[in-house]
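Here is a protein chain to explore. Look it over first, then read the notes below.

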Amino acid sequence: MRRILLIILSVLGTLAMRAKPPIQLSERSQVSVLTCGAGTELYSIFGHSAVRVYDPISGIDAVYNYGTFDFEAPNFALNFLKGKLTFWVAKTTYDRFLTEYYYTQRSVREQVLALDQSEKLQIFDFLEWNVKPANRSYQYDFYFDNCTTRIRDLLEEKLKLSYRDPGDVTKSFRDLLHENLDQYPWTRFGMDLILGTLSDSIADQRQQMFLPAYYYAHLDHAVKEDNVTVVNERQIILDFPLTSVSRNPWITPRMLFWGLFGLEMLFFLLYYVAGHKGRFKWHDKFWFVVLFMAFLVMISMWFFTDHEVCKSNWNILWTCPWMMLWFCTVPGSWTREALLWLTIAVMSAMLITWNVLPQKMDPAIIPLMLVSLMKALRRIGLIKWIDRMRSSMVAWTVIVPVGFSVLEF
């Protein structure tokens, strides 16, 4: 009896939902794009975008947010690393949305769109369809499919938008990222470490819109099919200064790695002047093992994930992965010496051609390459090699004049 009653209630509930008339927007309704300022958490550094639908007659004031994800989801960290992170669009109230950004002290700007009633309904109906559990999920891609590009694609499709002002189209994806990372040197270094050559391609006008601030600027110059400017009104909802992140200016990748290079120079002098030769074997092994671990991270992101932006990563060269073979060779063998010369050649070539490399690398890598170069030069016997060259030059300065004297005589 109880089961039958539950079935009846379920059927009645379903019928009631089906019979429920669709929500209608009044003539006073508005559709707008919300652009949120940067936060201090890694996922919020680049800002955020959302869509607001407001209708005082129907009592609607909803925000549709394409940047929703779940930290508690099973294998979240693993899926994030593999490039298989699922995001979805979520619907919330405008008041609740603003409360979150007020709490985190992040600015919110609004661009109200100039739409006729048909265009409003098209966008609203799509958002209502998209927010349903069966339709809401999508595979996140940082450059090409994120919370901002989803809104861009929606408005372009429904409104047939075009953009009058091309803006500055000389910046690469990496340059655009760096604009938001001045206060986060370690985040910038880590991103530059795993991002490959794709990030150094020039982002055209439309591709720049993966960043909320750039989409805000380009949307201001967008026009509909009838050549009407799509943004009708702009207003600042919340206004907070950009949060300044307190950090020690000395503890940055660049300062730390140049400090390591200074230590390596000290070790170099101790090696030849003080004669502490046996004490540097463990130090060299540890250095190249750490670099090899960095190589494994980069190669894993390249070949074993779906992150297209991590492929073709030239950073693997300065990690000197071939030096792992050096540990397996016999001291004094030609193989060991060849590996050292390979390190010297690759590090020297990268330093000389730094400004013309196909991939833009973080300047903090330069002292790391110099450390590897100094280690290889020390291992190859730089001072002895220079001494041999000097001795040869001295010998030739004696032999040549004597030879000419004999010939004249």
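The notes below move from the whole chain to selected residues.

## Basis

This is a predicted model, in which local features need pLDDT of at least 70 and side-chain atom pairs count only at pLDDT 80 or more, while totals for chains, interfaces and linings use all residues. Residues are numbered from 1 along each chain as its sequence is written, and side-chain values use heavy atoms, leaving out hydrogens and water.

## The whole chain

The protein chain has 14 helices and nine strands. Helices (H or I, at least four residues) and strands (E, at least two) are DSSP runs, numbered from the N terminus. Of its 409 residues, 42% count as buried. Buried means under 20% relative accessible area, exposed over 50%, and partly exposed in between (1.4 Å probe, protein chains only).

The chain exposes about 23,100 Å², with 64% supplied by carbon and sulfur atoms. Accessible areas come from the Shrake-Rupley method with a 1.4 Å probe; for residues, only the protein chains shown count as cover. A contact means heavy atoms within 4.5 Å. Among contacts with a separation of 6 or more, 75% join residues 24 or more positions apart.

## Salt bridges

Side chains of opposite charge can pair when their charged atoms come close. The structure holds 20 salt bridges. Each is a side-chain nitrogen of Lys or Arg within 4 Å of a carboxyl oxygen of Asp or Glu.

One of them joins D200 and R174 at 2.9 Å, N to O. D200 lies in the loop between α7 (185–194) and α8 (212–219), and R174 in helix α6 (residues 173–178), so the pair ties together parts 26 residues apart in sequence. Both D200 and R174 are buried. They also belong to a network of salt bridges with R188, D192 and D362.

K375 and E264 meet in another salt bridge, at 2.9 Å, N to O. This pair links distant parts of the chain: K375 is in helix α13 (residues 365–380) and E264 in helix α9, 111 residues apart. K375 is buried at 1% relative accessible area. E264 is buried at 1% too. E179 and K171 pair at 2.6 Å, N to O. There, E179 is partly exposed at 37%, and K171 is partly exposed at 22%.

## A nonpolar surface patch

W186, W250, I251, M255, L256, L260, L263, L266 and L270 form a nonpolar patch on the surface, with about 850 Å² of accessible area together. Patches are made of residues with over 30% relative accessible area and no salt bridge; like charges are joined within 9 Å, and nonpolar side chains (Val, Leu, Ile, Met, Phe, Trp, Tyr) within 5 Å. Helix α9 (residues 253–274) gives the largest share, six residues. W250 lies in the loop between β9 (231–238) and α9. W250 is exposed, at 62% relative accessible area.

## Cysteines and positive phi

The structure holds zero disulfides (pairs of cysteine sulfur atoms within 2.5 Å). C320 is buried, at 1% relative accessible area, whereas C328 is exposed at 67%.

C320 is found in the loop between α10 and α11 (323–326). Its phi is positive, about 50 degrees, although C320 is not a glycine. N227 also has a positive phi, near 70 degrees, and is a residue other than glycine. N227 lies in the loop between β8 (222–223) and β9, and is exposed at 55%.
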